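Please keep the sequence and the structure at hand while reading.

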Amino acid sequence: MELDEFYMSRCIQLAQRGIGVTRPNPSVGCVIVYNGNIIAEGYTSSYGGPHAEVNAVRAVKDVAVLSDSIMYVTLEPCSHFGKTPPCAHMIVKHKIRKVVIGCVDSNSLVAGKGIEYLLSNGCDVKVGVLEKQCFQHHKRFFTNQNKKRPYIVLKWAQTADGFIAPLKKDINRPVWISNSYSQQIVHKWRSEEHAILVGTTTAILDNPKLDTRRWGGKLPIRVVLDRNLRIPSSNGLFARSAKTIVCVDVNNLDKVNSKSNLFFEGLDFSQDISEQICDILMKHNIQSIIVEGGAKMLQTFIDASLWDEARVLHGEISFGSGLQSPFFSREKNDEYSLRGTKVKVYYNSPDR
C-alpha cells in the first residue's frame, strides 16, 4: 500500500465513526500529516457542527506547521457557506500546501468548486486516492445526490429451510430466527440508517418498536404502510419516541390528520408503490432507509430493482412450513458468521 493510500484508509476509518449522526451531511474523515507523521485527525460532527477538516485543524497543537503539512480527506472540501463556513477557505487561510482527496463531491453546491478554489489559491491537489473505497463509504450521500432517492438497504432473516416467518403465531411479537448477536447487529444497522420501513402485517403481528435499544445511537424515522388504517393507535410504532410516517391509501387521507411526530402520506396502491415511497421519503429529506419487512414489502422493492444493498441473516432453525423468504437470484458479494447465524450481503451494482 502506498503512503497516500495508507493515510486515506485511516480517513475512511475515522469517517465511519460519524455514520448515522451527520446526515444530511456526509460523514467525512480527515488526517493531517507533517514530516511523515499524522499530527491530527478529525471526522464530521453532528449536523450543524464542524466538518472533518475543521476538527482536524483544531486538533493541531502548532498551527505554524500547517503550511508544510498534507491534508487527506475522503471527500472534496466544501466551498460554499451553509451551517458552517467553507472548508476550502479555511485550508487556504492556513496555507496547507497539499490536499489529497478521495472523491469529488457531486453536490451541485460543490461539484469541483472546492478543488478549483484550492488550485486557484496555490494549493497542490491530488484527487482519486482510494476513490472506490471512499465512494462506497459515502454511498448514502451519493445515492441521495445522484439518484434523487434514499440509499435502500433490504434486510430479512430466514430459516435453514427458507422461511421468513411461521404461518401462524399466538402472540404479537417477533419470532426470532437469528441469535442475540445478530439481533444486536441489526440494531446497529438501524442506527446507521435515516429511516426504517415495515408493512402492515409486520406492524400488526409483531408490534415492533423499530428502535436501537441493543446498540444506541439515533432512532431511525419509522415508516409503515397502513393502506386501510388497520393498525391500532396503541401500536408501538406510534410511540412519540421517534418521527413516524404512515403511508395510507390516497382515498383514506381525508380520514386522518398529521400531528406532533405522526405524519400521514397517500399512496396509489393501484400503481407500483416502491417509487411512490421513495418520493415520500425524499419529501421528508430522508437520505437512507432499511426495509425490514415483511416478505411482500421486500419483494416489491426486489421486483422493481429499487434497492442498493441486501443483508440476509440465515438462522440454524427450521420451521418445516411457513411464509417463504423473498425470491432473490443475486450472487452474494460477502458473507460472515455471527456465532451460528450467517450474514450474506448483496449489492445491486456490478462494481461493488
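Predicted model: local features only at pLDDT ≥ 70, side-chain atom pairs only at ≥ 80, totals over all residues.

## A cluster of rings

Which residues do ring pairs link into a cluster? The cluster is made up of W156, W307, F328 and Y346, joined to one another through ring pairs.

## The pairs around F328

The count of aromatic pairs in the model comes to seven. One of them is formed by W156 and F328, whose rings lie 5.6 Å apart from centre to centre with 80° between their planes, an edge-to-face arrangement. This pair links distant parts of the chain, since W156 belongs to strand β6 (residues 151-158) while F328 lies in the loop between β14 (323-324) and β15 (334-338), and the two are 172 residues apart. W156 counts as buried because its relative accessibility is 2%, and F328, at 18% relative accessibility, counts as buried because the cut-off is under 20%.

F328 also pairs with Y346: the ring centres are 4.7 Å apart and the planes stand at 85°, so this pair is edge-to-face. Here, too, distant parts of the chain are linked, with F328 in the loop between β14 and β15 and Y346 in strand β16 (residues 341-347), 18 residues apart. Y346 is buried, as is F328.

## Charged groups over rings

Two further contacts involve a charged residue and an aromatic ring. K243 lies over the face of F263, at 4.9 Å from the ring centre, and the charged end of R311 is placed over the ring of W189, 4.9 Å from the centre of that ring.

Conventions: Residues numbered from 1 in each chain as written. Heavy atoms only, no water. Phe/Tyr/Trp six-rings, centres within 6.5 Å; stacked < 30°, edge-to-face > 60°. Helix = DSSP H or I, 4+ residues; strand = E, 2+ residues; numbered from the N terminus. Buried < 20%, exposed > 50% of the residue type's maximum accessible area, 1.4 Å probe, protein only. Lys NZ or Arg CZ within 6 Å of the ring centre and 35° of its normal.
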